[in-house]
Structure formats: C-alpha cells, structure tokens
Amino acid sequence: MTVSVLQQNEERCFGIVVISECCEEYMNTRVFVGTLLTGHIIRAGRQRSMIMRRAERDAGFLSFLKGTTTLIGAAGFLCSSAFAATHHKAAHRPHARTTGASSVPMKGAPSPVRGHPSDIAARDNEAVSVHISRHHHEAGGGVMKIETAPHNVQTISKTYIAMQSPTSTVLDLVKLSPALNAVNADSSGMQGGRIEIRSLTDLDMGLMLNGAPTTNANYLNETASSEDVESVTITPGSSSVDLPTANAAAGVLDERTHTPLAKAGGMMDFSYGTNNMSRQFIRLESGEIGHTGIRNYISYAHTHSRSWMGAGINEQHHVDYGLQKNWANGSQNNFFLSWNKEDFVIDVYPTAAQFYNYKHTGDGYGRYAEYDKSRPDAGNYWRNNIDHWNQIFLSAPQHIVITRHVNLDITPYYNMGRGWDGSSGGKAEAGQYYRYDGTAVAAGQQLTSYYHQNNASAVGVTAKLGIDLDKHNHFIIGYWYENNYSVFGLPTSITMDNGRNPSPNWQSNMAFTKAADGRLFPARPSIDGGYEIHSLFIGDTAKYLDNKLTVDAGFKFVMANQWYKFSTPAGAYSHLGQNPTAPLPHLSIAYRFNQHHQIYVNGEGDFRLPDPTAMALSASGQLQKNQYTIKEEIGYRYNGDIVIADLSFFNSAITNRLQSTYLGNNQSGVINVGNQTARGFDLQVGTHSWHHWSPFFGFEYLDAHADSNAPYGDTYLRTKGRRAVMAPRVSASFNLAYDDSHFFGNFGLKYIGPQKTTLVGDERMPGFVSDSISVGYHFKPFSFLKSPTFRLNFANLTSAIVRQVPKGIGTNVYPTQLMDGTTIAGGNGATYYVMPRFNMSGTISTDF
C-alpha cells in the first residue's frame, strides 16, 4: 500500500489518496479528497460514512474558523491507520527517495508531474497522485472567480496580483473591473489616485482592509504592500449590512491581507525601473510557534523614485505585521498593523489648457528642478511642494465560537495620519506678515502655505452576534461605533533661503499677522471637524429548497453627530453641526437552478455624510446636505466547467449628490450638485485555464443624468436633464493570461469612453485606452530559494498622452447664464489625472 500526500497550497487545499491491498476494512476505499478552500468533501467508495465517523473521533482533530470541515482529523486518522496496517510490508521494501514533504512515492514510481489542477493520474496499480489547485475556482488569469453571492461581485486573486509589479497599488490591481475607472497619480506606487464608478467616486465607496474602513483612494497606497495583499473583492453598488460603513452607494472594495503561514520562512523581492525607481521588500514568517496555534509575519518595503512629470524625488518606508491564533473549537484571533512613512512631491494636476499645451508642445507642467527666487512662480520649486506623511492602520478581527450555533465577531480598528502638505504661498506684500521677533517680512519674500494635519484619526468597533435559529436561518444582530476626528491648521511660513519648505512647527519661519493693538498672532487658522456614528443592525440569511433559494434581509439604522469648528489665534471662531439619522434597508435574493445557473436580485439604501473638514475648503462655507441613495440590481450568473459569466442590470436614485472640487495643495472641497439617476448593466466573462490560457472580458454601459438643477449660491446652474459628470457611457476591459507553471504573463487592456467634466457640460474629456503587459519565468527551486522568479512589467506601451479622470470637477469653462437670469464668467474647468508615460520595471523574487 502507498499513501501519497500532494500539497499544492498549504493553507488552502490538500489531497490524500489511500489504496489498500491487504486491509479488509478498507478494501472498497479508493479515493478520499478534502479541501479547505471550499469546505466540501468528495467521498468515493462504499466506506465513506465509516471514514467520517472515525475522523470525528480522532484526538488530533484541529478545526479551523467559520465552519471548516473535520478534514484534518480525518486525514490524520486515515494515514495512521493505513500506515499501521502495512508497516510490515513497507519495511521490507527498498528505501524510497523522499521528494519533499508533499509526496512519498514508492520505489520505481515516477515523480509527480504537473498537470491540470483536477487531474488524478495513476502511475501503476499501487500509486495514485491527486492534483488539487486553488486556481480551479478562478477565471481570466485571476481577475474573476466563481461566485454565489446574491449581488454583483468581482474578486481579484493572488494569481493576478503576483504577476503585477510590486509597485502596484490596489488601484492598479482592480483597474480591469468593468465597473471601475481606477487610476494612479504615478507609476511607482508612491501615491494613490481616484476611482469613478457608476457616476460616483471612491468617496461613495466603503474602502475596507480586512473588513475595517481605511481611507479614500488618494491614500490607498499606504495601507498594505502589494506582496501582502492576498485578494481584492469589489461589489459594485452593494454592501453587507454588518460592514462598518454607511457611504457605500458605489459599493465596497475590500482588501484581504496575507495569512501567516504554518511553516517558518519568508519572501523577498527587488525591483528596478523607469524614473530611477528602486524597491526592496522582505517578509519573515515565524510559522506556528510550538503547538500554540499562533503564527505571525512581519514585512518591510522601501521605495525610491523620481517624479515622472517635472523634478522631484520621492521615498517611502512601509511595514506590515500580521498575527493569527487558531483555537480547537474554531475560534480565531487576528491582528494586522501597518505603518507608512513617505515624502513625495505633490503633483500639479493640470487644467485642459495646461494639458493640451503639454501634449502639443512637450512643455511640461511639473515642478521646477532649481530654485530661482526671481521667478514670479518661484514657489513651484519641487522642494517647496513636499507631502510629509506618517500613517498607522490597525485592525483586529476576533471570531469567538460560543456554541455550535452561536458565535460572536468583534472587530476593533484604528487609523491615524499625521503630517503636512506644503505648497507655494505666493510672495509677501509690504507689511503683510511679520517674524516672531516683530521684524517685518520683506516685500517679495517667498512664502509657503500648508495643510498641517495635527491628527486625523478614525477609531471604531463592530460587534456582531450570530445565531443559527434552525437549519434554514442564520440571524445576526450587532452594533457599530466610529469616531472620526480631524484637527488641522492652514499656516503660512517663510520659505527657506534654498527654496525648501520648512517644518510648519519651526517658530523661526512662522509668519505672523499684527493686530491693531500691536499684538502678533501666527497666521494659522485651525479647523476641528469630524463625526461620531452609532449604528444598530440586524439581519437574517435564510436558505430553502435544498439551499437553492437564499434570502438575505437586513436593516441598519445610523445615528450621527457631525461638527465643524473654525478658529484663529486672533480670536475668530465659528461652529456648525448637525445630528442626522438614516434608515438603511437591505434585501438580496438568489436562486440557483443547478450548479451552473443562478439569478439574483438586490436592493438597498445608502447614506453619505459630507466630510466636515472639506467644508473649510469649500466656497459655500456651509455643511452640505447629506447624500442618500436607493439602488436596485438584478443579475444572472453562469458557472460552467470552462466559462463563467455574470450579467447584472442596475439602477440608482441619488438625492443631494456630493461632488469634489480640487483646490490645490492636495486638498479638495465638496459641493452639492442636486439629484441624479444612474442605470446600466455590467457584463463579465472569463474562462478557466485552457491549455494554460485564460481570457477575460468586461463591459459596462452607463446612462447617468441630472434630475435637478445644481445649487449655485442663491440660485441654480442649468443642469437638469444633462448627462452627469464623471459618467462615461461605455467602458470595456480585456485580459489574457498564460501560465504553464514556468512561463507566465498577461496582457491587460482597458477602454474608458468620453465623459463630461463640468456641471453645465461645456468641457469634455475624450475616451482613452490604457494597457499593460507582464511576462516572467518561475525557475526550479535552488538551495533555500523555493521559488526564484523573474518578471518584467510594462505600462502605457504606446506612451499615450491622455487624461484619465478628473481630480476635481468644474462648474463651467465659458460664461454661463444662471436660472435667475444672471451670467457668470467662465472658469478654469476641471483638473485632471494624466496617464504616466511609458514605464517598466524588472523584479526578481523568491520564497525561502
């Protein structure tokens, strides 16, 4: 008898084959295969019931979280029993060479060979190899997978992530989703970017990391290194009732980080590329510590690069730490901590006029390489436009199994940022400012303005009790609390003689104003803003008709306290606040006809508070109205043996639509633009690996228009019936992946259609195409190097000069007549993210 264990992925799947020749008890047993990936057990032979009963009695059983099966105990019992039954026979055979922990072949049996993930290949009448892969649920090279949720969902898996450049941010990883237009400000991963989705933006999304809220897309590069991201799931237009978010009108983007491995080891990589980019990464794994069930890892990444547009040097340091503790009853403790420190040059986001000047003449709009104080715009020197930032993120999901039918989930989280953004403050006028000793600042002296963030923190917790009421119903009840608090100043300082911006805390460089009585006050208005949320939620998931019908109903009630305080050292003070509430119903229904066909419907309400700190930077000087959205979705899903597909139709009614305007210095304001309707459909089609190839195609059609005129002072802009801003009618994506276990690569293509970028529709951004290629090779293990790999990543292959998405919308470019008959002058229009020119990187990496 031979027992062969082939472990394709330690944390996800394994297979065990037992063939008995001499033990009567197991004569009819042929194959027993278990997988932790799906929680299912494939049983073959007449003795499967007996095997399961014995597995449950195994003293070595260690169950995993969230209803994983008793597979490990069953496997251990079968292995020990089979070995005892054949020990005498095996002892007299010649010694077989061990090829690794994953297989123990008998003498003369060929080594396992790579094949299709589901292949079962017999080498002779006593040896069977079982190949099981976590990839059999994936399609399109890892940009799609088999789903059963009662709403539109797309999951980007590690298969796709591992092919991309380590400098990729989450926005790079999700760019092929048909519902998203996700863009980055640079190609080195030093900055975040923006998302537009179904006429909404990332500010209308629940952006999550391990189930806890993070920040907006402009800073998503700071939460986790790409090597530590295991998967990214996008649910356009829908969210779970128990998630700690209320502003999910556009859906949810949820990152899941690396799970600590059971064995000690690690990973490292090194990258070099365009713009003098260099990056180093290392992760160390402790493995399971003794028999405590505790495992953890820590990683460090360092990135250095030049700015792609204009002059400037950027640098980033990042640390991730993860810990997991498993308990015998299925409980689990998790902890994740990340720290990010970086100094990067704040980009110039051009208007349409600046963009076309660059495109047609090659005259860039970036920062200056040298400081020349005689220039009128001398403050555009790159060292005077630095973002200095520290960010800490922490989440600690705890799953506690109380009984077989009752469990408790508690997820505390904390997110804190601190630093400053510096930019040109123009030049001083005579008598405008003074130094701390009373000396007048000379006319023409270069100044630096700051957004000085003393503290921006979000601390919160969700607690959820889950109860299996019966075999059909799982009931949840829970509570969510969050305190989001921001204190910042808008100081002015005297620029250093070499053109650099000083720390806004340096008294020697502070600018002061003089009161009528001669007293000096720092030129430093301060803002204290934030909100506190208390939310109760309940829900029930019911499954009937042999689990073919799933009904998921829930209700969340949000109670908020929002405040805004403005003060100056001279004594000026103002205060605004409100206490809104919002009922948020959720209902999803799915029916699965068979293993291939499923239909679903989904409806819910969402609520968004305007950012009170952005109000300080808005022209209105008022807290904006809260945004409320009602959404419906109906879809069909096909999960075939080769092809999987998802088609969903959606409709959203948005009241008091909130939009962002860019004000410079990396800061944005917020305005209400009236009511809006968006409807359309999404299509996703992908195939499982076929002869090593996996294509994917995505498409979205969107019809979004304004249902009312946009407020403008005491009157309105004529916007009713016009196409909504940031709402391309058509978008399409394509990915073709190849992987034969040595050579691998993919080609990605994304098209975004034209879109309007001003409220009155007098400025338009043309459609554009983005592209990327990844190619690489996995070498055979060598010494302690388990997976030496080399890969090349290319983006913007044609070096196209195109705008990707508005950084901030505009009201109008040309003179426009308002509803009261008055005419307003033309403005600058929108500002834009421009696609970085052709860039590439090369990476060597390995596990160890």
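The model is predicted. The whole structure holds 14 cavities of 30 Å³ or more. Aromatic pairs number 18.

**The second largest cavity**

- The second largest cavity holds about 610 Å³ of space.
- Its lining is made of 39 residues, and D172, K175, S772, A795 and N839 are the closest to the centre.
- Five named strands each give two or more residues to this lining: β10 (180-184), β44 (743-752), β47 (768-778), β48 (789-795) and β53 (839-847).
- Strand β47 gives the largest share, with 6 residues.
- Sorted by class, the lining has 20 polar, 14 nonpolar and 5 charged residues.

**An open sheet of five strands**

- An open sheet is built from 5 strands, in the order β9-β15-β16-β13-β14.
- The pairing in this sheet is mixed.
- β9 (154-156) and β14 (212-213) are the edge strands. Each has a single partner strand, so one side of each has no neighbour in the sheet.
- β14 pairs with β13 (residues 205-209) in the antiparallel sense, over 2 bridges.
- Within that pairing, L209 has A212 of β14 as its bridge partner.

**Salt bridges**

- D606 and K631 form a salt bridge, and their closest N and O atoms are 2.2 Å apart.
- D606 sits in strand β34 (residues 597-608), while K631 sits in strand β35 (residues 627-639). The pair therefore ties together parts that are 25 residues apart in sequence.
- D606 is buried, at 3% relative accessibility. K631 is also buried, with a relative accessible area of 3%.
- R723 and D703 meet through their side chains in another salt bridge, at 3.6 Å from N to O.
- R723 lies in the loop between β42 (715-717) and β43 (730-739), and D703 lies in strand β40 (residues 693-706). This contact therefore ties together parts that are 20 residues apart in sequence.
- R723 counts as buried because its relative accessibility is 15%, under the 20% cut-off. D703, at 24%, counts as partly exposed.
- R519 is partly exposed, with a relative accessible area of 48%.

**Aromatic pairs**

- F355 and Y356 have ring centres 5.3 Å apart and planes at 65 degrees. Planes over 60 degrees apart count as edge-to-face, so this pair is edge-to-face.
- F355 is buried, at 3% relative accessibility. Y356 is partly exposed, at 32%.
- F681 and F699 form a tilted pair, with 5.9 Å from centre to centre and 40 degrees between the planes.
- F681 belongs to strand β39 (residues 676-687) and F699 to strand β40. Their pairing therefore ties together parts that are 18 residues apart in sequence.
- F681 is partly exposed, with a relative accessible area of 25%. F699 is partly exposed too, with 23%.
- Ring pairs also link F681 and F699 with F649 and Y701 into a cluster.

Technical notes. Residues numbered from 1 in each chain as written. Predicted model: local features only at pLDDT ≥ 70, side-chain atom pairs only at ≥ 80, totals over all residues. Heavy atoms only, no water. 1 Å grid on protein atoms, 1.4 Å probe; cavity = no way out; pocket = protein on both sides within 12 Å on 5 of 7 lines; lining within 4 Å. Points joined across faces, edges and corners; volume = space filled by probe spheres on them. Helix = DSSP H or I, 4+ residues; strand = E, 2+ residues; numbered from the N terminus. Nonpolar A, V, L, I, M, F, W, Y, C, P; charged D, E, K, R; others polar. Pairing = 2+ DSSP bridges. Buried < 20%, exposed > 50% of the residue type's maximum accessible area, 1.4 Å probe, protein only. Salt bridge = Lys/Arg side-chain N within 4 Å of Asp/Glu carboxyl O. Phe/Tyr/Trp six-rings, centres within 6.5 Å; stacked < 30°, edge-to-face > 60°.
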